[in-house]
Protein chains: 4
Amino acid sequence: MARVRPHIGEGKVADYIPELGRVDPARFGFAVAAADGSVHTVGDTGVRFSMQSITKVFTLALVTQAGETHIWDRVHREPSGSAFNSLYQLEFENGVPRNPFINPGAIVVTDELLANTGDAFAALRGLLRAETGNPDLDADGVTARSELETGDRNRSLAYLMAGFGNMRNPVPEVLDHYFRQCSITISTEELARAGLLLARHGVRADGSRMIDRNAARRIMAIMLTCGTYDAAGEFAYRVGLPCKSGVGGGILAIVPGRYSVAAWGPGLDAKGNSVTGALALDTFTQVTNCSVF
Amino acid sequence: MARVRPHIGEGKVADYIPELGRVDPARFGFAVAAADGSVHTVGDTGVRFSMQSITKVFTLALVTQAGETHIWDRVHREPSGSAFNSLYQLEFENGVPRNPFINPGAIVVTDELLANTGDAFAALRGLLRAETGNPDLDADGVTARSELETGDRNRSLAYLMAGFGNMRNPVPEVLDHYFRQCSITISTEELARAGLLLARHGVRADGSRMIDRNAARRIMAIMLTCGTYDAAGEFAYRVGLPCKSGVGGGILAIVPGRYSVAAWGPGLDAKGNSVTGALALDTFTQVTNCSVF
Amino acid sequence: MARVRPHIGEGKVADYIPELGRVDPARFGFAVAAADGSVHTVGDTGVRFSMQSITKVFTLALVTQAGETHIWDRVHREPSGSAFNSLYQLEFENGVPRNPFINPGAIVVTDELLANTGDAFAALRGLLRAETGNPDLDADGVTARSELETGDRNRSLAYLMAGFGNMRNPVPEVLDHYFRQCSITISTEELARAGLLLARHGVRADGSRMIDRNAARRIMAIMLTCGTYDAAGEFAYRVGLPCKSGVGGGILAIVPGRYSVAAWGPGLDAKGNSVTGALALDTFTQVTNCSVF
Amino acid sequence: MARVRPHIGEGKVADYIPELGRVDPARFGFAVAAADGSVHTVGDTGVRFSMQSITKVFTLALVTQAGETHIWDRVHREPSGSAFNSLYQLEFENGVPRNPFINPGAIVVTDELLANTGDAFAALRGLLRAETGNPDLDADGVTARSELETGDRNRSLAYLMAGFGNMRNPVPEVLDHYFRQCSITISTEELARAGLLLARHGVRADGSRMIDRNAARRIMAIMLTCGTYDAAGEFAYRVGLPCKSGVGGGILAIVPGRYSVAAWGPGLDAKGNSVTGALALDTFTQVTNCSVF
């Protein structure tokens, strides 16, 4: 991690809600979980941070388990080519979001999960508790309330989809679950463990199969093409792995069949991805030569 | 009205809410009020219909009275070049609507009126009762509730503006006033009387000045350039008068300094303007030679 | 003109081609031609300047003479709501420009005129020579060549329309005529005289009718809604007359049935309209009370 | 290939130029070249077809050889989210195309190659002759001329970029090279051989290194995220390999470090990708389990 150290503290910590802005920018964690369950860690891998958009990987897994494909009638799988919370593409494409990792797409996934389970937040929390082995994993209530208060744009996206008939539950209820999901806190080490679900192509920590191999591949393909906001092309080249980032500074990367890698550094670049996290993953794939390309 | 008669019943009655769809498409009314207060009527000019977007003229007058210009920091005055409820222009222009006659612009005007008066709906109803001389003029509660139930797209627009900091009151409260305003019912004759406020360049029925001459001109200029959805250019040519239409089938036209003209026919053309209303106004300006051009 | 004098020299002279940038910014001219042919002038009304977009009024008249309406299959009549040389609206609307006063619309008009006459430039020059009474009126060759050299965006617009099948002649030929038309030089007094064609609702200086009364009204309606780039709404209010401006600093305004008014000042505001020209017209309509509203 | 056979003849052969439309839709070829140079073929792998957009992979390699990175100032590397020949994103992003595989991006690459070499077409043909081992490989003159005649939209794109200062050579010259490049004909077997340049991470058929390992990875990352028009997300999932398709019906796919795979079937799906080619690649990765995910 000698290459990463000089860059610790770079970037801008997300501060659109106060709780995110309070994180120490000098923190950095890096954890690699192997398919056999062994984990290697460097740095602040026990400190919990806000998962934010990284949760979208796991809610997507939850709505595609048991061979479910209904969700693909409600959200496309193509890169968006525009900002993660943009409305205009949604408008031109009749309320069907471009992919499940931009905000409107993730809201549709939460809506679907809510309709399927009756409690989308509990479903996600249950999955993450099981996969991380942390029975206390939970949302941060202060962050969730702050998101609710500042969530006008997400409300606008959700009502636009409702206007197109693409919401199954009332918008306020869906957004309540959505914001609580985003505010789940997790440590770097826990995130690496949770990601093994994908590295093992759909097999859970307890050895049971949750989603079939093809569904896991589909999620990883979407991570690679759409997982890092408007920098997916750049990440595909630099890191060469399926990744999902969050504005809490975390990034989850998968080496299919082998590793789940989690990196965390709160400072974000102009596109919303962790500066040190991206650098650490870049270094990791160069050293280990495990780019998919 | 011989030229209009063969076209009565043409067009499609708005039916996005059930109440609007229940109107008899064969109705037609035409009323001309002169600046001296005399009124001439033809047809069903005593039947009340839903004002819908025509209310936007009067709420705009209410927020520009007493020399107020603050509203022009929150909404532009330019034609939109896109559908009346489109989001993308609003997004690219940072939550400031193109003009006060598209939906987001009118929502901003209602928000401003609500902030100024504490009761936007009552302010509008009061003005219209005084100008029409009808003390019972009111909203249709069923229509208002239906609008509320189908108003997801307007909610989306309002929350998008809130996300840009361009709302002074809570969105649900503003929309409640907005939908009640739109559902005010008025007769063709009453509408012609109310429009004299503009024909007299800002002077009310009781002879008092409500808005100054320049503010009245500004409103008429916006009517001519933006008053008939995406057909403003066509209306400017065919009718040659400042007009404002509504999906209830009404159209208000002003001959500056001389007449206020109201036409009503529930059947709408593809752009949302009354088929018989537009035809009647077209004929009126040709016969009287009172186009502004 | 006391109100205008302090503002002379304000604004930015167009300089995208060197010839336009060489004009003395302190020049100012104002001329009013009455329907009876009498002309009143103030300032530098004998100095010639580049007509630029003001020519679009006269080419439009040329393709609508003799009751021709074919042009309206190739160009709409609605305000554009976007920059005068924007491509995206043209792309979404299948190569049919929004109106004849934005660049792609004007290129279509020139193409039509070229197809009709065999020499679009000569047709325009002939009309303007006759209406101004100046047999030497002509294009400025240096300006025309400069426009050709810097005209990549207009080429892009023209080829996009060609790709949609909306060009009748080869693009290079149409643009040659188009650029020569734009570079015609005219004095403020001459422009006021030429505008009488519209003020008289289609009657030429020699008393013959060129276009019918309705075609003249249509052109004036388009001037009012689309004649001053993205400031049409603002002009409609401030000046209250059909206007057409050009980046050479000229503005032509019409008081239907009464006057043709020309103003010229090279300094442009941020939307491309003459600062002093707009101010002079604003003052003119306030003093004479001849706004159409 | 039993799974592919029933679908032979499906889809629509590209026919925007007559030459492309003359191809027998029942043709199908599939070839796998291993990194050691051995090639396995099925079907019509000796029949030549029009490379079209597949050439973009090789022109991109040519402008990034010898560590050149200048091209990345002129074109981005992100998925586009809109049609391959769309103008509006190009306009909003100031003439810098989203990636080198949409038309404007490829035109910029050809322009760069022309500026670097003096003959972009010859440079590409030389590379392909060497890598395929076919000294007669060449453009089809009839197709190239047809492309020139129907290329108005590409002209529009090129002039738009020229207007933004993003062209180094005259537009007509660049397009002449671009259209000739696109019309190069190649057989399925030859295409598989040529693709080994990427499968070997930048090493040519003669064993010399042309581009460094990272540049080859970057090209493959762009293929995976942007190589199959607006279906890149779908291909990433179904095929799970970096691919580049062309409207001639060819698709090139790379298994990094191991294989170059070429498939050809003239019938295209709604997004412009070969129906049988996509199916064959899908089957190939499922059978061989060589998806990168």
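Is H76(D) buried, partly exposed or exposed? The points below take up that residue after the model and its chains.

1. This is a predicted model, in which local features need pLDDT of at least 70 and side-chain atom pairs count only at pLDDT 80 or more, while totals for chains, interfaces and linings use all residues. Residues are numbered from 1 along each chain as its sequence is written, chains are lettered from A and ligands numbered from 1 in the order in which they are written, and side-chain values use heavy atoms, with hydrogens and water left out.

2. Chain A contains 12 helices and nine strands, where helices (H or I, at least four residues) and strands (E, at least two) are DSSP runs numbered from the N terminus. The C-alpha trace of chain A spans about 50 × 40 × 35 Å along its principal axes.

3. Contact is defined by heavy atoms within 4.5 Å, and among the contacts in chain A between residues at least 6 apart in sequence, 68% join residues at least 24 apart.

4. Chain A can be laid on chain D by a turn of 180° and a shift of 0.0 Å along the axis, with an RMSD of 0.0 Å. That is the relation of a two-fold axis, where copies are superposed by least squares on the C-alpha atoms of residues with pLDDT of at least 70 in both. Because 100% of the interface residues of chain A are also interface residues in chain D, the copies meet through the same surface.

5. For chain B and chain C, a rotation of 180° with 0.0 Å of shift along its axis gives a superposition with an RMSD of 0.0 Å. Here, too, 100% of the contact residues of chain B recur in chain C. By contrast, chain A and chain C do not touch, their nearest C-alpha atoms being 11 Å apart, and no contact joins chain B and chain D, whose closest C-alpha atoms also lie 11 Å apart.

6. In chain C, helix α2 (residues 55–63) is mostly covered, with nine of its nine residues buried; among them are K56(C), F58(C) and L60(C).

7. N134(B) sits in the loop between α5 (120–132) and α6 (141–149) of chain B, and N134(B) is buried, with a relative accessible area of 9%. Leaving aside neighbours within four places in sequence, N134(B) is in contact with R48(B), R129(B) and E190(B).

8. To return to the opening question, H76(D) is partly exposed, with a relative accessible area of 36%, and its place is in the loop between α2 (55–63) and α3 (88–92) of chain D. Leaving aside neighbours within four places in sequence, H76(D) is in contact with E93(D), V96(D), P97(D), R98(D), N99(D) and P100(D). The C-alpha atoms of H76(D) and H7(D), which are 69 residues apart along the chain, are separated by 36 Å.

Definitions and conventions. Buried < 20%, exposed > 50% of the residue type's maximum accessible area, 1.4 Å probe, protein only.
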